[in-house]
Amino acid sequence: MRYSTNQEYFDRAVELIPGGVNSPVRAFKSVGGGTPYFVARGQGAYVYDVEGKKYLDYVQSYGASILGHAHPGVTAAIVEAAQAGSTFGAPTPNEVYLAELITSRVPGCEMLRLCSSGTEATMSALRVARGFTSRSKIVKFDGCYHGHSDALLTGGGSGVAALSLPDSAGVPHGAVADTMVLPYNEVPILNESVAAVIVEPVAANMNLVEPEPGFLEGLRRECDRVGALLIFDEVITGFRVGYGGASLRLGVRPDLWCFGKVIGGGLPVGAFGGRKDVMEQLAPIGPVYQAGTLAGNPIATAAGIAALSAMDEAAYLKLEGRAKALADGLAKVLAEVGIATTIPTFGPLLGIYFIDSKVRNYQESKAAAASGIYPLFFHAMLKRGVALAPGSYEVIFPSLAHSWEDIEWTIDIAGGAAGEVAESLAGH
Ligand SMILES: *Cc1c(COP(=O)(O)O)cnc(C)c1O
């Protein structure tokens, strides 16, 4: 090892890698700066940085890890698969088993194509929707994030939101000319130019915004009325908010789903799927081209199968109970020092807004972030050994490895952090 401290790694990283990070959300820029911790290893609910400092980790790879780090079942599956060869360019059994697992849990998802990231899943779902409908317009909602492909990199969400980039440089106007960005939680009136409506059924990239009653049902109705396809981007919610994801839990069935994060068990896997008649538009049987050298990779699918197999109904209930306790505890200790919050939960996901009213869309989420309290709370928690995501628009991801003791400890620690934040606010 040539470097030993976080600072040494970061100093070298910024020379070699833009901003020192390979995904902008990992930088500390949107929480007022600082040196990110470089993770040497993770175990269960914890990560350890290169200096040996231990953090209770609520980032969990932004939701890719649901069982906690280095879960023995997942690790064993990875090792076993790796020993049998890592990639072939021919179909492998695990692709079939992962597709079976996913489609069996998600009613209406009849066929699936695996890829290697959530970005690829949403990009490809749009292409097949456009191919199927022979239309070009798409509708997305302000504050929803659907990966970084050109057509979808407009109207914020996640890192784009945190860095206050309404769009990205390098995306030509033509690439987003057919993308309409509308406010979340309002059912639009569509017309017959619309190929697809893509939505996070529970928005988890503008912090956490639940769909209001009737919103998703309204989208379903409008799509049916004009012959557009409804796409649920379940890259975060899929197999996170429950056994069958958000569509099953909320009782609204889209035409297409996008998955990622949890389904890879910590390795790069994405997937899109849905109605058979739509999915059969894909090459080699249909005219819509989509491909990937490492798509359905045998090691990644082995990890995904192991992770999904470990998540039964009981596991989701357990996870959800802990998330609820954490939300209540955080709200209580912050209220005790006079800091107003709204801490929504949806299944095992938690949001945190430093504002005392319900947040229904991106406008309101931005207004909550403008309080500027999150960065203070983030650093106060990190200092005490609790890692939250370094951005106001990310959710909190407890994993199945977070024990009751971990949750209680977090609340305890949050009391101290809240006190520090309150003092610093009073000092301003
Ligand atoms: C993370 C995310 C994506 C992008 O997935 P990547 O694997 O980062 O490309 C897409 N949609 C949603 C809802 C996400 O949270």
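In what order do the 7 strands of the open sheet lie, and what is the pairing?

Mentor: This is a predicted model, in which local features need pLDDT of at least 70 and side-chain atom pairs count only at pLDDT 80 or more, whereas totals for chains, interfaces and linings use all residues. Residues are numbered from 1 along each chain as its sequence is written, and side-chain values use heavy atoms, with hydrogens and water left out.

The 7 strands form an open sheet in the order S4-S10-S9-S8-S7-S5-S6, with mixed pairing. Helices (H or I, at least four residues) and strands (E, at least two) are DSSP runs numbered from the N terminus, and two strands pair if DSSP finds at least two bridges between them. Strand S4 (111-115) and strand S6 (179-182) each have a single partner strand and stand at the edges, so one side of each is left without a neighbour in the sheet. On average, neighbouring strands of this sheet are turned by 20° against each other, direction ignored. Within the sheet, strand S7 (residues 194-199) runs parallel to strand S8 (residues 229-233), and 4 bridges join them. Alanine 196 has leucine 229 in S8 as its bridge partner.

Helix H4 (residues 118-133) lies across S4, strand S5 (137-141), S7, S8, strand S9 (256-259) and strand S10 (270-274), and runs at about 165° to S9. Here contact means heavy atoms within 4.5 Å; axes are lines fitted to C-alpha atoms, for helices over the stretch in contact, and angles run from 0 to 180 degrees between N-to-C directions.

Rings of Phe, Tyr and Trp (its six-membered ring) pair if their centres lie within 6.5 Å, and planes under 30 degrees apart count as stacked, over 60 as edge-to-face and the rest as tilted. By this rule the count comes to 12 aromatic pairs. For phenylalanine 141 and tyrosine 184, the ring centres are 6.3 Å apart and the planes stand at 85°, so the pair is edge-to-face. Because phenylalanine 141 lies in strand S5 and tyrosine 184 in the loop between S6 and S7, this pair ties together parts that are 43 residues apart in sequence.

Turning to helix packing, helix H2 (residues 72-83) and helix H10 (residues 298-310) have axes 8 Å apart and pack at an angle of about 155°. The axes of helix H3 (residues 93-105) and H10 come within 9 Å and cross at roughly 35°.
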